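Dear colleague,

I am passing on the structure we spoke about, and you will find it just below. My notes on how its parts meet follow after it.

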Amino acid sequence: MASDAKGFSKKDPVVCRGLGKTWAAGTSRAHEALKGIDLDVKPGEFVVLLGPSGCGKSTLLYLIAGLEDVTTGELNHFGEPVTGPSPDRSLIFQETSLFPWLTVWENVAFGLSIRGASHAERKEAAVQALREVGLTAAMNKRPDELSGGMRQRVAVARALAMRPKVLLMDEPFAALDVQTRQKMQDFLLDVWRDSGATVLFVTHHIDEAVALSDRVVVFTSRPGRIKTIVTNDLPRPRDPFAPESEAMRRHLTAQLRDEVDRAFAEQESFGA
Amino acid sequence: MADAAPDMRAGGARASGGATAPPARAPLVAPEKLRGFIASFGWTVASVGLFTLIWEFCWLVGWADPKLLPPPHIFLGQIGEQTKFFNTATRWAVGVNPDSGPTGLESVMVTVAATMARVVAGLVIASVLAISLGVLIRYYVMVERLTLPTITLLSPVSPIAWLPVAIFLFGIGNAPAIFMVVVALFFHMVLATVTHIDNVNRNFIHVARTMGATKRQVYARVVIPAILPGLLMVLRLNLFGAWMVVLVAESTGVGHGLGQVIMLARNTFNPSLVFFVIALIGVLGFLTDWALRMVQHRVLYWLPEKGAHHGL
Ligand SMILES: Nc1ncnc2c1ncn2[C@@H]1O[C@H](COP(=O)(O)OP(=O)(O)OP(=O)(O)O)[C@@H](O)[C@H]1O
Ligand SMILES: [Mg+2]
């Protein structure tokens, strides 16, 4: 399924111009989390956000999702300013955010029930989305009964059921073991290719960034600014042991290291 | 012996494989559940039994004066004559022979039902009012500004202090006793509802909002189901409070019921009756808690069993 079949406009799904976010602006606890972010995300692109802890990666996803208000600058989605949340932009979190009181398929169909879809419609869409993540067998289970990896797959299915144009993923695989994470990366790449969605993906794992990204945005420590954007045009499917992958990892590690050092020094002086 | 065993097993397997008996029907109650229930019931009996034995022992050796602290075999043995004090159906009537009217068992049942009905009515009214107000407080800032300060101020006031108000407002009968239960629970439950709403996992709300849920839908489909477990727990904890104030309300002459019987026992110096009513209240409190636990299981089917690991 090519991305243009979805009728993407020429405009970009996410455009940031001088974007800044200050938490608790105007109070004594005001805290500048993001500053002067300029970023154009192309349709169908897989962008990885990398940066030291507390640099504002999650904040950026919240802004794009429309869950928080922009403090300065502009944030556009297909040429329209982002003013609030929209089913067009789905957010997936690190910890499971499945509703424990609903079954797996009811969780997946939650967004449709918000729109008032009939039971049959909801079930059909849920089965379809669960098929895409290979979990139709678990549709009547409760979230507690699933493993961490399965839960994240259900969360992805729930996001996909809305047919979003942008998938915002905040360290979605961070809580998973290495083997499961590898599986989930392959799975996500399949989903990404099939859905044609644009993905913004936050991670702390450099190998994950290298395996997934078209571009890697590296942030400085607080306030978060874009330090550099690294284009990753290694051919897919990627071989993590290829020398090019290794070189890319080295490069990103070097970019990140002094920022992480700075962030640590700052946090220590905080504690003192 | 040793080499006969494999043969027997093989024979058994063949026999059961060849039999065309229908598959065993699933038992009505899962066996492990039943075993758990029997065990916990057994321990309850053992615990009460131990306490009874100590009491009886104290009586036997003469430490417990049977006129003041009649042991269970005495106060339970006198049930027959004690039940006439529960004769609430005719107590207030003039010119009626107190020995006529309902039998002992019937009058105990009537009294118990009257008290129980007040507890349940008070719990239901208090929960509905408190949860609605708690949700409104978080939903509309104006409601919060106008009501929350007053509720916070009134919540530490002992429910006993409301007793005169109950009498001024409602006189005598069911209404003041129910009012007391409502007052005892309402303020705490409003505050608990607000706290639970504040503690709802933010991600749940974010997910609903990114899927296009309106504020109303977020409350109806996420906030309320998310706070229900905590609120049912609050209700269970407050159940004992409800029992307490209902007895106080009844014993001060606001209405009639078990509290009234205790008061009667006090005024006529009848310890056996006191202990009988105490035992009755214990059993009833236990039963209502059990009933609420069943409701909790039904409504909150998604929660894992609590306490199975003894806090480890
Ligand atoms: N709701 C909030 N209110 C006030 N400050 C916040 C809030 N959320 C985040 N912050 C602050 O904004 C800064 C950026 O936080 P953010 O969560 O975006 O970082 P992050 O890059 O996602 O970090 P991590 O990699 O640890 O997840 C932090 O210093 C944090 O303290
Ligand atoms: Mg984060």
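Please bear in mind throughout that this is a predicted model. I begin with polar contacts: between domain 1 of chain A and domain 2 of chain A there is one residue pair in polar contact, with both residues at pLDDT 80 or more. Salt bridges across the interface of these two domains number zero.

As for the elements involved, β7 (166–170) and α6 (178–195) of chain A are those that give two or more residues to the side of domain 1 that touches domain 2, and α6(A) gives the most to that side, with five residues. By residue class, the side of domain 1 that touches domain 2 consists of eight nonpolar and two polar residues, with no charged ones.

To place this in the chain, domain 1 of chain A is made up of 1–88 + 166–259, while domain 2 covers 99–163. The contact between them draws on 10 residues from domain 1 and 11 residues from domain 2, and the C-alpha centres of the two domains lie 25 Å apart.

Turning to area, domain 1 and domain 2 of chain A bury about 860 Å² between them, and 78% of this is on carbon and sulfur atoms. On the side of domain 1, the residues that lose the most area to domain 2 are Pro87(A), Met184(A) and Phe187(A), which together account for 45% of what that side buries.

With best wishes

Technical notes. Residues are numbered from 1 along each chain as its sequence is written. Chains are lettered from A and ligands numbered from 1 in the order in which they are written. This is a predicted model: local features need pLDDT of at least 70, side-chain atom pairs count only at pLDDT 80 or more; totals for chains, interfaces and linings use all residues. Side-chain values use heavy atoms; hydrogens and water are left out. Domain bounds come from an automatic or database domain assignment. Contact means heavy atoms within 4.5 Å. Buried area is the accessible area (1.4 Å probe) that two parts lose on being put together, summed over both. A salt bridge is a side-chain nitrogen of Lys or Arg within 4 Å of a carboxyl oxygen of Asp or Glu. A polar contact is a pair of N or O atoms within 3.5 Å; within protein, one must be able to donate a hydrogen and the other to accept it, and residues adjacent in sequence count only if both atoms are side-chain atoms. Helices (H or I, at least four residues) and strands (E, at least two) are DSSP runs, numbered from the N terminus. Ala, Val, Leu, Ile, Met, Phe, Trp, Tyr, Cys and Pro count as nonpolar, Asp, Glu, Lys and Arg as charged, and the others, Gly among them, as polar.
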